[in-house]
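I opened this entry to keep track of what I looked up, item by item. The structure goes in below, and my notes follow it.

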Amino acid sequence: MARSHLTLAALATSAVAELDVAQARAHSLRSHGRFDSALLVGRDGSRLIIRVPRSQAAETEQSADLVALRALTIGNRSRLPFDVPQFVGQAPAGGTRAVVYELLAGDAFDADALTGHAGVSGSIGRAIAAIHGLPTAFVGTAGLPQQTAAECRASAIDVIDRASDTGYLPAAILRRWEQATDDEALWQFPPTVIHGSLSAESFLITDDAVSGVLGWAGLSVGDPARDLHWLLAARGREAEAAMSAYSTARQGSDSRITQRAMLYAEMELARWLLHGTATRNQAIVDDAVAMLDGLVENVHSQTMYPLSPATAPVLDLSAVESMLRSTPRGEPRSGNGSAMQTDAYDLSEFRKSEFDDGESDHGARDDSGRNDSGDTGAIDQPRLFHDSEAATGPVDIGATTDDQANTRSPSE
């Protein structure tokens with residue numbers, strides 16, 4: 001049974017010494033039914049949020065959030081261009097605990113609204129870059145999770161393999177994802193501090209800029225692309241502006257981050273499928289299957305961009321000799337110390353399909369033990385992305401959104 005806002009107000013007075021509650025009202029934003037929450041106003045003008053978990057999973061999330069907030073010391077917070085929730089107090093509450101936080105200023109919007117405004121999008125990109133720019137040492141000191149690039153790759157493979165084991169994952173999507181995880185270069189990146197569970201509802205906006213970031217339970221060291229995948233799933237026109245602002249702030253230190261973010265965005269469908277099978281909820285399974293079928297249609301209609309570069313066919317000795325015999329042997333081009341001049345090539349030559357029709361080296365077994373074979377239809381890459389990053393596009397995962405900004409009350 002849900003606790004009333006009056007009961008929560010009474011708990012708050014036990015959690016926070018000398019708190020005199022003047023107003024209290026129920027507060028459901030971000031709780032998604034997992035927490036009993038209330039917004040409190042003290043007689044001194046203080047504004048607080050109290051939350052009580054309603055399940056073991058919610059309690060685990062709350063505990064992780066508290067560890068993360070304690071790890072974000074004053075020194076770490078000073079490096080961020082936005083506010084982070086401040087823990088105020090806690091009190092026992094029927095086998096669990098009530099936790100009180102300071103209420104952060106700002107308004108919450110849905111993803112399409114956030115990525116539909118150039119100023120806000122740029123601020124989001126810079127805010128995410130600031131998180132990724134934090135020193136990594138404090139994460140280990142706080143006992144929070146840390147993953148290497150190889151471990152991030154192994155985690156992605158594990159999700160893909162478990163989704164494949166359900167029997168619901170389309171073969172074309174399995175091949176697309178396996179080709180990405182088989183691409184060694186895609187997983188050469190420096191792990192950073194990551195928020196770990198960023199979404200549109202993580203951000204509070206004031207005066208067209210990020211004023212606060214919520215929900216730090218996933219704080220860890222890992223793949224920075226995990227904090228960007230939700231941007232690629234948004235329909236807002238300025239999502240690319242956020243990615244550009246991020247890349248500029250991070251000085252292009254990870255040239256393949258957009259492709260990994262796209263992979264994570266698509267893999268959210270696999271996670272939804274796994275959630276449905278784990279909870280034996282056929283409605284969720286059917287929903288995930290429908291969205292995966294939509295992803296297949298996008299791949300076959302060539303509206304999805306490659307997750308990894310096209311691989312040239314492997315030639316045997318006779319084929320190599322034949323190619324050499326047919327290659328003109330003219331005078332080499334002169335250049336300023338370079339044997340290859342960019343203007344000697346037509347950019348259309350770089351717009352290759354994701355998969356090659358000929359033989360490929362994907363039949364080789366990688367260190368994960370998988371044997372990848374088979375081909376799929378060619379996928380055109382219609383434009384180049386920023387600098388050296390491969391082009392990507394928004395992932396349509398079947399979610400419906402409102403055309404208007406869905407402004408909500410600021411909260412935890």
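Ala-245 sits in helix α10, residues 239–249, and is buried, with a relative accessible area of 13%.

**Overall picture**

I note here that I am working from a predicted model. The protein chain has 13 helices and 9 strands, and of its 412 residues 45% count as buried. Taking the contacts with a separation of 6 or more, I find that 73% of them join residues 24 or more positions apart.

**Helices α8 and α12**

I next looked at helix α8, residues 171–182, and helix α12, residues 282–300, whose axes come within 9 Å and cross at roughly 70 degrees. Because angles of 65 to 115 degrees count as roughly perpendicular, I recorded α8 as roughly perpendicular to α12. On the α8 side the contact is made by Ala-172, Ile-173, Arg-176 and Trp-177, and on the α12 side by Leu-292, Leu-295, Val-296, Val-299 and His-300. Sorted by class, this contact of α8 with α12 has 7 nonpolar, 1 polar and 1 charged residues.

**Aromatic rings**

How many aromatic pairs does a search of the whole structure find? The search returns 3, and I wrote up two of these in detail, Phe-82 with Trp-216 and Trp-187 with Tyr-264.

Phe-82 and Trp-216 form a stacked pair, at 6.5 Å centre to centre and with 25 degrees between the planes. Phe-82 belongs to the loop between α3 (74–77) and β4 (87–93), while Trp-216 belongs to the loop between β8 (209–213) and β9 (220–222), so the pair ties together parts that are 134 residues apart in sequence. I then checked accessibility: Phe-82 is buried, with a relative accessible area of 7%, and Trp-216 is buried, with a value of 0%.

The pair of Trp-187 and Tyr-264 is edge-to-face, at 6.4 Å centre to centre and with 85 degrees between the planes. Since Trp-187 lies in the loop between α8 and β6 (192–194) and Tyr-264 in helix α11 (residues 257–278), this pair ties together parts that are 77 residues apart in sequence. Both Trp-187 and Tyr-264 are buried.

I also looked for arginines over rings. The charged end of Arg-51 sits over the ring of Phe-35, 4.0 Å from its centre, and Arg-260 lies over the face of Phe-189, at 4.0 Å from the ring centre.

Gly-222 lies in strand β9 and counts as buried, at 1% relative accessibility.

Is Thr-136 buried, exposed or partly exposed? I find Thr-136 partly exposed, with a relative accessible area of 35%, in the loop between α5 (118–132) and α6 (137–141). Beyond residues up to four places away in sequence, Thr-136 touches Pro-191, Thr-192, Val-193 and Val-221. The C-alpha atoms of Thr-136 and Ile-194, 58 residues apart along the chain, are separated by 9.4 Å.

**Positive phi values**

Last, I looked up backbone angles. Asp-207, a residue other than glycine, has a positive phi near 50 degrees; it lies in the loop between β7 (203–206) and β8 and is exposed, with a relative accessible area of 74%. Arg-280, likewise not a glycine, has a positive phi of about 55 degrees. I placed Arg-280 in the loop between α11 and α12, where, at 78% relative accessibility, Arg-280 counts as exposed.

Key. Residues are numbered from 1 along each chain as its sequence is written. This is a predicted model: local features need pLDDT of at least 70, side-chain atom pairs count only at pLDDT 80 or more; totals for chains, interfaces and linings use all residues. Side-chain values use heavy atoms; hydrogens and water are left out. Axes are lines fitted to C-alpha atoms, for helices over the stretch in contact, and angles run from 0 to 180 degrees between N-to-C directions. Helices (H or I, at least four residues) and strands (E, at least two) are DSSP runs, numbered from the N terminus. Angles under 35 degrees count as roughly parallel, over 145 as roughly antiparallel, 65 to 115 as roughly perpendicular and the rest as oblique. Contact means heavy atoms within 4.5 Å. Ala, Val, Leu, Ile, Met, Phe, Trp, Tyr, Cys and Pro count as nonpolar, Asp, Glu, Lys and Arg as charged, and the others, Gly among them, as polar. Rings of Phe, Tyr and Trp (its six-membered ring) pair if their centres lie within 6.5 Å; planes under 30 degrees apart count as stacked, over 60 as edge-to-face and the rest as tilted. Buried means under 20% relative accessible area, exposed over 50%, partly exposed in between (1.4 Å probe, protein chains only). A charge sits over a ring if NZ of Lys or CZ of Arg is within 6 Å of the ring centre and within 35 degrees of the ring normal.
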